[in-house]
Amino acid sequence: MVRTNLGTSVYLHFKKDMNGITTYKFERMYICWIALKKGFIEGCRPIIGVDGCHLKGPHCGQLLATVAIYGNNQIYPMAYTMVEVEDEASWSWFLEHLKNDLEIPNEPTFTIISNKQKCLINAINNLLPCVEHRHCVRLLHSNMKRAGYTGQAVKDRLWSLARATYMGRFKSLMEEFKKEDEGSIQVAC
């Protein structure tokens with residue numbers, strides 16, 4: 001991949017034995033294609049979303065991926081990695097390579113959207129403490145539904161909060177939401 005696509009990043013990580021010596025037993029793999037890297041740097045907004053999912057089949061593990069949003073508000077794939085387990089070490093390994101490949105600045109002008117997974121939150125805070133870190137509204141809504149806060153009205157109020165573009169509007173919408181149902185706010189946060 002690297003030879004035929006100059007500039008593509010491929011990193012492999014192998015397990016180490018009890019003495020810290022590399023065993024050449026596969027543990028993780030990271031891929032970021034040069035075309036996607038250039039496209040992000042030249043044409044995407046400074047915002048990415050990261051998430052993971054389980055791999056099924058003969059090779060278990062997790063697939064961690066990141067996407068961006070380009071000018072037409074469409075999803076733009078960025079990089080992905082296969083890891084043994086979704087923990088702080090594997091997220092840190094992925095984010096470190098991603099930070100270098102995409103030239104992510106450690107500044108509040110860049111935003112990362114993720115779920116509320118503690119190991120991912122810790123990895124982001126350790127590697128990129130100054131970036132804005134936000135949580136996915138769809139996942140917050142799923143948590144609310146699981147806790148029994150269902151219905152279109154709850155969903156609409158949550159999305160109106162997420163779309164508030166200035167603090168005054170957000171605070172007034174939050175007050176309305178609290179009057180309706182304080183418990184649902186606690187579940188979302």
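The structure is a predicted model, in which local features need a pLDDT of at least 70 and side-chain atom pairs count only at pLDDT 80 or more, whereas totals for chains, interfaces and linings use all residues. Residues are numbered from 1 along each chain as its sequence is written, and side-chain values use heavy atoms, with hydrogens and water left out.

The chain contains 7 helices and 7 strands. In this account, helices (H or I, at least four residues) and strands (E, at least two) are DSSP runs, numbered from the N terminus. Along the sequence these elements follow the pattern β-β-α-β-β-β-α-β-α-β-α-α-α-α. The C-alpha trace spans about 60 × 40 × 30 Å along its principal axes. Of the 189 residues in the chain, 32% are buried; buried means under 20% relative accessible area, exposed means over 50%, and partly exposed lies in between (1.4 Å probe, protein chains only).

The sheet was examined next. An open sheet of 7 strands shows mixed pairing and the order E1-E2-E5-E4-E3-E6-E7. Strand E1 (9-16) and strand E7 (132-135) stand at the edges with a single partner strand each, so one side of each is left without a neighbour in the sheet. On average, neighbouring strands of this sheet are turned by 20° against each other, direction ignored. For such angles, axes are lines fitted to C-alpha atoms, for helices over the stretch in contact, and angles run from 0 to 180 degrees between N-to-C directions. Two strands are taken to pair if DSSP finds at least two bridges between them.

The pairings can be followed strand by strand. Strand E2 (residues 22-32) runs antiparallel to E5 and is joined to it by 3 bridges, and Tyr30 stands opposite Thr81 in E5. Strand E5 (residues 75-83) also pairs with E4, in the antiparallel sense and over 8 bridges. Within this pairing, Thr66 stands opposite Ala79 in E5, and the bridge partner of Ile69 in E5 is Ile75. The hairpin of E4 and E5 has 4 residues between the strands, and Asn73 takes a positive phi near 60° there. E4 is likewise antiparallel to E3, with 9 bridges between the two strands. E3 and E4 form a hairpin with 5 residues between them, and Gly57 in the turn has a positive phi of about 110°. E6 and E7, by contrast, run parallel and are joined by 4 bridges; Thr111 has Glu132 in E7 as its bridge partner.

On a 1 Å grid over the protein atoms alone, a cavity is a set of points where a 1.4 Å probe fits but cannot get out, and a pocket is an open set with protein on both sides within 12 Å along at least five of seven lines; lining residues have an atom within 4 Å of a point. The second largest pocket holds about 530 Å³ of space, where grid points are joined across faces, edges and corners and a volume is the space filled by probe spheres set on the points. Its lining consists of 22 residues, of which Ile48, Gly49, Val67, Ile69 and Ile113 lie nearest the centre of the pocket. Two or more lining residues come from each of strand E3 (44-55), strand E4 (61-70), strand E6 (111-114) and helix H4 (137-146). E3 provides the largest share, 7 residues. The lining of this pocket divides into 12 nonpolar, 7 polar and 3 charged residues; Ala, Val, Leu, Ile, Met, Phe, Trp, Tyr, Cys and Pro count as nonpolar, Asp, Glu, Lys and Arg as charged, and the others, Gly among them, as polar.

A search of the whole structure finds 0 disulfides, a disulfide being a pair of cysteine sulfur atoms within 2.5 Å. For Cys53, which is in no disulfide, the nearest cysteine sulfur is that of Cys60, 13 Å away. Cys53 stands opposite Leu63 in E4 and is partly exposed, with a relative accessible area of 38%. Cys60 is found in the loop between E3 and E4 and counts as exposed because its relative accessibility is 66%. The C-alpha atoms of Cys60 and Met82 are 9.5 Å apart in space, while the two residues are 22 residues apart in sequence. Cys130 is partly exposed, with a relative accessible area of 40%.
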